[in-house]
Amino acid sequence: MAAGTTDLVLPAVRRPCAPGRPHAPGRWPAALRRAAPLLPAVAVVALLVLPSAPAGGGSAGSGTAADIASALLVLHCLVRVLRERSRPLTRTAALVLGLPVLGVAVAAITSHDTVSVLPGTVRYLQIFVLVPAALLLLIRDRWDFRLVAGSVVVLALVQGAVGVTQYLTGTGASYMGEKVRAVGTFGATDVMGMATAVSYGLVIAVGFALGAGRGTRRPWRAAALVCAVLLFVPLVLSFSRGAWIATAVALVFQLLAAGARRAVRIALATGALGVVLVCGLGVGSQMVTQRLDSITQVADAPDQSVTDRYTMWAAAAGMWRQEPVTGVGLKGFPAHRDSHASLALSAASDTEGAGTAFQRRPLLSPHNMYLLVLSEQGLLGVVALAGSWAALLVLALRGLPGARRARAGSDCALAAAGLLVWQLVSFSYGDIGGPSTVLTAVVLGPAAWWALRPVHDLPAHDGAAAA
């Protein structure tokens with residue numbers, strides 16, 4: 001350039017990137033920084049892949065690595081909230097999530113042995129209050145919701161793959177004299193563990209597929225549909241009637257909420273898939289048929305498991321009539337069972353397979369969460385706990401129409417509402433207990449965030465754009 005002239009420096013021109021996608025050089029570091037607050041929650045889910053060791057007496061062991069990680073998750077949330085002084089619970093959130101504390105505290109205080117009820121008190125607070133509240137505070141937007149929910153889908157795929165392998169190789173839990181029941185890494189002492197994880201993953205995947213907006217890429221929607229199809233197989237092979245019923249109800253709800261025409265198309269495709277898998281490919285067809293038939297045989301020649309369940313339900317109702325307001329106390333069902341149950345109760349179930357030797361496991365709960373709470377915490381406890389769940393479902397449904405109109409967040413809305421519907425139905429056939437219980441707490445967290453988030457937060461852009 002000639003002397004005396006000034007160099008002209010042009011600014012660097014950056015090509016615009018697609019919405020929601022960062023530039024390649026900083027993509028993964030930015031995504032990791034974005035996900036860092038939720039990594040403890042993802043760690044809780046990931047640790048559930050570890051095989052569960054049975055505790056003494058054949059019951060599923062408690063105090064697993066995932067439970068310890070959930071305690072660290074709560075501590076991590078507490079430190080983060082105190083340090084940043086941000087995101088306190090709203091009055092509605094504090095009321096809804098704090099309701100279970102009322103029944104648990106009263107049942108613990110009125111119990112005759114306060115020392116023995118301490119583990120039960122901690123367990124209830126962990127599952128229904130502390131972990132969901134921690135996730136409610138840590139989740140900031142729909143991107144965070146999808147991260148936690150996606151980790152549950154990955155866990156479901158891993159557990160489902162293990163379960164299908166157990167069925168094909170005859171290394172699963174014992175069922176009808178054959179070791180073919182898919183239980184994943186949870187083992188024969190927690191036969192509902194894999195079924196619960198797979199059901200959660202299936203409901204989330206269907207919600208993501210149905211609620212995908214126009215800005216969602218087709219590969220992601222297709223991946224959600226593929227995950228749902230893959231998870232259908234281990235769910236069938238779990239031979240869990242309660243999980244089947246709860247999943248069917250949740251999926252029907254999601255389909256109807258997503259639109260009538262889409263519901264008909266997907267229902268027809270799902271029915272065809274079920275016919276192909278069960279009838280065409282013979283995926284446990286005879287055993288599945290017998291298991292389905294047993295659902296309706298509650299009065300005419302029921303099997304022993306159905307008889308035991310209804311006998312324990314009657315025993316739980318008897319305990320409630322004895323102590324209608326506060327119940328017989330936390331962990332009091334086993335001690336009062338024999339005095340209220342009829343002679344039809346076998347008092348124990350057989351478990352074998354999936355790495356566990358044959359053993360008799362005592363029946364220590366009525367396998368109905370509502371009746372368990374009613375018998376141990378009385379009318380006060382069941383109203384507080386079930387009222388909290390019902391409030392979450394109502395508040396989650398409140399945001400569904402707005403999400404559909406805004407065409408943003410429908411996937412989170414359908415997944416959250418579907419999970420709550422599944423849980424409320426499943427609690428009619430099961431209760432908490434075993435290593436997989438902490439997964440229920442993790443799932444309630446994102447569902448609580450969607451239900452209790454501010455209404456004006458719905459149109460906000462996803463955190464993926466910032467990542």
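Predicted model: local features only at pLDDT ≥ 70, side-chain atom pairs only at ≥ 80, totals over all residues.
**Notebook: core, rings and salt bridges**

I began with the largest nonpolar core, which has 119 residues; Tyr124, Phe128, Phe145, Met369, Leu439, Trp450 and Leu452 touch the most other members. Helix H7 (residues 191-210) gives the largest share of this core, 13 residues. For my own notes, a nonpolar core is a set of buried Ala, Val, Leu, Ile, Met, Phe, Trp, Tyr and Cys residues joined through side-chain atoms within 4.5 Å. Buried means under 20% relative accessible area, exposed means over 50%, and partly exposed lies in between (1.4 Å probe, protein chains only). Helices (H or I, at least four residues) and strands (E, at least two) are DSSP runs, numbered from the N terminus.

Residues are numbered from 1 along each chain as its sequence is written, and side-chain values use heavy atoms, with hydrogens and water left out.

**Helix H5**

Next I looked up H5. Where does this helix bend? Helix H5 (residues 118-138) bends by about 50° at Gln126. The bend is the angle between axes fitted to the seven residues ending at a residue and the seven starting there. I found H5 mostly covered, with 16 of its 21 residues buried.

**Aromatic pairs**

I then turned to the rings. How many aromatic pairs does the structure hold? It holds ten. Rings of Phe, Tyr and Trp (its six-membered ring) pair if their centres lie within 6.5 Å; planes under 30 degrees apart count as stacked, over 60 as edge-to-face, and the rest as tilted.

I picked Phe128 and Trp389. Their ring centres are 5.4 Å apart and their planes stand at 50°, so this pair is tilted. Phe128 is in helix H5 and Trp389 in helix H14 (residues 369-398), so the pair ties together parts 261 residues apart in sequence. Phe128 is buried at 4% relative accessibility. Trp389 is also buried, with a relative accessible area of 6%.

Phe427 lies in the loop between helix H16 (410-426) and helix H17 (437-452), and Trp389 in helix H14, so the pair ties together parts 38 residues apart in sequence. Phe427 counts as buried, at 5% relative accessibility. I wrote down the cluster too: ring pairs link Tyr124, Phe128, Tyr370, Trp389 and Phe427.

**Helix H17**

How many residues does H17 have? It has 16, and it reaches 23 Å from first C-alpha to last. That is close to the 22 Å expected at 1.5 Å a residue; the expected span is 1.5 Å times one less than the number of residues. I found 16 of the 16 residues of H17 buried, so the helix is largely enclosed by the rest of the structure.

I also checked Trp450. The charged end of Arg453 sits over its ring, 3.7 Å from the centre. A charge counts as over a ring if NZ of Lys or CZ of Arg is within 6 Å of the ring centre and within 35 degrees of the ring normal.

**Salt bridges**

I counted five salt bridges in the structure. Each needs a side-chain nitrogen of Lys or Arg within 4 Å of a carboxyl oxygen of Asp or Glu.

Asp67 and Arg123 meet in one of them (2.9 Å, N to O). Asp67 is in helix H3 (residues 65-84) and Arg123 in helix H5, so the pair ties together parts 56 residues apart in sequence. Are these two residues buried or exposed? Both Asp67 and Arg123 are buried.

Arg140 and Asp144 form another (2.8 Å, N to O). Arg140 is partly exposed at 31% relative accessibility, whereas Asp144 is buried at 0%.

Arg146 pairs with Asp411, their closest N and O atoms 2.8 Å apart. Arg146 is in helix H6 (residues 142-169) and Asp411 in helix H16, distant parts of the chain that lie 265 residues apart. Arg146 is partly exposed at 23% relative accessibility; Asp411 is buried, with a relative accessible area of 9%. I also logged a network: salt bridges with shared partners join Arg80, Arg83 and Glu84.
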